[in-house]
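Please examine the structure shown below.

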Amino acid sequence: MHELPITQSILDIVVKHAVTNNVKRVLSITLRIGELSDLEDEWIQRYFDYLSKDTIADKAILKIERAPVIMRCNGCSHSFEAKIKEKKEIACPECGSTKNFTLISGREYYVKDMEVQ
Amino acid sequence: MDKVRLIEVKEDILSDNENMASEVRERMRKKKAYLLNLMSSPGAGKTSLILRTLEKIKHDIRVGVIEADIDSTVDAEKVMEESGTTAIQLRTGGFCHLDAAMVTQGLDALDLDSLDLVIIENVGNLVCPAEFDTGATKNAMILSVPEGDDKPLKYPLMFSICHVLLVNKIDYLASEDFDLGALKQRVRALNPDIRIIEVSCKTGEGINTWVDWLRNEVETSFSG
């Protein structure tokens with residue numbers, strides 16, 4: 001349900017950058033979203049199509065890049081990709097530790113770039 | 001035909017909310033009033049926990065409550081009737097979470113000069129509220145035993161942003177297939193610094209431990 005305010009925020013960012021770069025048309029927008037965040041791909045495109053009508057970004061396609069969850073083991077300092085939605089215990093592939101990790105990334109939520117004319 | 005080119009943007013989608021959340025935090029710091037954001041799924045026991053907490057602290061800590069619901073005022077009425085504490089009801093009008101702008105409205109309706117603590121009862125939901133910083137001093141969440149020990153696998157973000165997790169309804173532990181050890185391990189893998197407190201709002205078990213944590217937070221956060 002929070003896709004609507006999020007989509008408005010994406011559109012505002014896109015239009016702002018389009019104006020400062022003298023863009024005629026925005027063709028596509030790449031979002032980078034961490035695996036920890038929920039964002040419904042299909043719905044966000046629908047909301048975007050609705051909100052972007054009559055703007056410079058009308059008909060632009062949203063591409064979503066998912067950023068993996070990366071953790072660092074505080075025991076051996078090794079960084080690794082964690083499958084946090086699986087039932088299997090998270091373990092450091094280097095030293096085998098199953099606790100004491102620091103979350104390095106996985107919460108990305110930004111507009112990465114856009115293809116324009 | 002104009003050439004297609006790529007523009008680097010790299011701009012955070014939630015930055016407006018994050019800026020506003022920082023303003024809320026600054027405002028509370030100046031007023032020396034602690035802001036607690038309480039989250040959980042519907043029915044986990046947010047209102048019951050608030051009532052239990054008020055019972056213990058209302059005589060020496062001045063508390064205000066901000067209640068958020070999609071469209072009802074029952075929680076604020078219940079809190080005011082049962083505890084005599086000022087409660088503001090925010091209707092989110094269909095929105096599934098509170099953002100910093102809505103919290104600001106709630107704070108505007110309270111007299112912060114005469115409060116030490118404001119508790120936000122966020123909308124019952126484990127997804128969206130995790131995404132939106134409210135400007136709270138700290139985040140607390142409740143997971144109740146009947147919901148199951150697998151929730152950190154399904155809603156990892158919520159468990160990773162909270163400073164304290166209350167496992168409520170522990171009076172149900174005997175009758176549920178709930179593995180408290182597995183839950184703790186899953187939560188700590190995501191968030192090693194989280195404080196986990198087991199409580200039962202029904203029997204009162206563990207409530208003192210929680211209240212001690214909260215009291216210490218309120219007393220020490222803005223001193224010195």
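Two strands are said to pair if DSSP finds at least two bridges between them. In this predicted model, strand 6 of chain A and strand 1 of chain B, residues 5–12, are joined by six bridges and run antiparallel. Within this arrangement, Val111(A) stands opposite Glu11(B), a residue of strand 1 of chain B.

In helix 8 of chain B, residues 180–190, the residues Leu183(B), Arg186(B), Val187(B), Arg188(B), Ala189(B) and Leu190(B) are buried. The buried residues of helix 8 of chain B pack against strand 5 of chain A, and also against helix 6 (151–154), helix 7 (156–161), strand 7 (164–168) and strand 8 (195–198) of chain B.

The packing of helices may be considered next. Two packed helices are described by the angle between their axes and the distance between the axes. In chain A, helix 1 (residues 3–20) packs with helix 2 (residues 41–52) at an angle of about 55 degrees, and their axes are 9 Å apart. Helix 1 of chain A and helix 2 of chain A are therefore oblique to each other, and helix 1 of chain A passes helix 2 of chain A in a right-handed crossing. Residues of helix 1 of chain A, including Leu4(A), Ile10(A) and Leu11(A), meet residues of helix 2 of chain A, among them Trp43(A), Tyr47(A) and Phe48(A). The residues of this contact are eight nonpolar, three polar and one charged.

In chain B, helix 1 (residues 15–31) and helix 4 (residues 100–108) pack at an angle of about 30 degrees, with their axes 8 Å apart. Because angles under 35 degrees count as roughly parallel, helix 1 of chain B is roughly parallel to helix 4 of chain B. Helix 1 of chain B contributes Asn17(B), Met20(B), Ala21(B) and Val24(B) to the contact, and helix 4 of chain B contributes Ala100(B), Ala101(B), Val103(B) and Thr104(B). The residues of this contact of helix 1 of chain B with helix 4 of chain B are six nonpolar, two polar and no charged.

Conventions:
Residues numbered from 1 in each chain as written. Chains lettered and ligands numbered in written order. Predicted model: local features only at pLDDT ≥ 70, side-chain atom pairs only at ≥ 80, totals over all residues. Axes fitted to C-alpha atoms, helices over the stretch in contact; angles between N-to-C directions. Helix = DSSP H or I, 4+ residues; strand = E, 2+ residues; numbered from the N terminus. Parallel < 35°, antiparallel > 145°, perpendicular 65-115°, else oblique. Left-handed = near helix turned anticlockwise from the far one by under 90°. Contact = placed C-beta atoms within 7 Å. Nonpolar A, V, L, I, M, F, W, Y, C, P; charged D, E, K, R; others polar. Buried ≥ 20, exposed ≤ 12 C-beta atoms within 10 Å, placed from the backbone.
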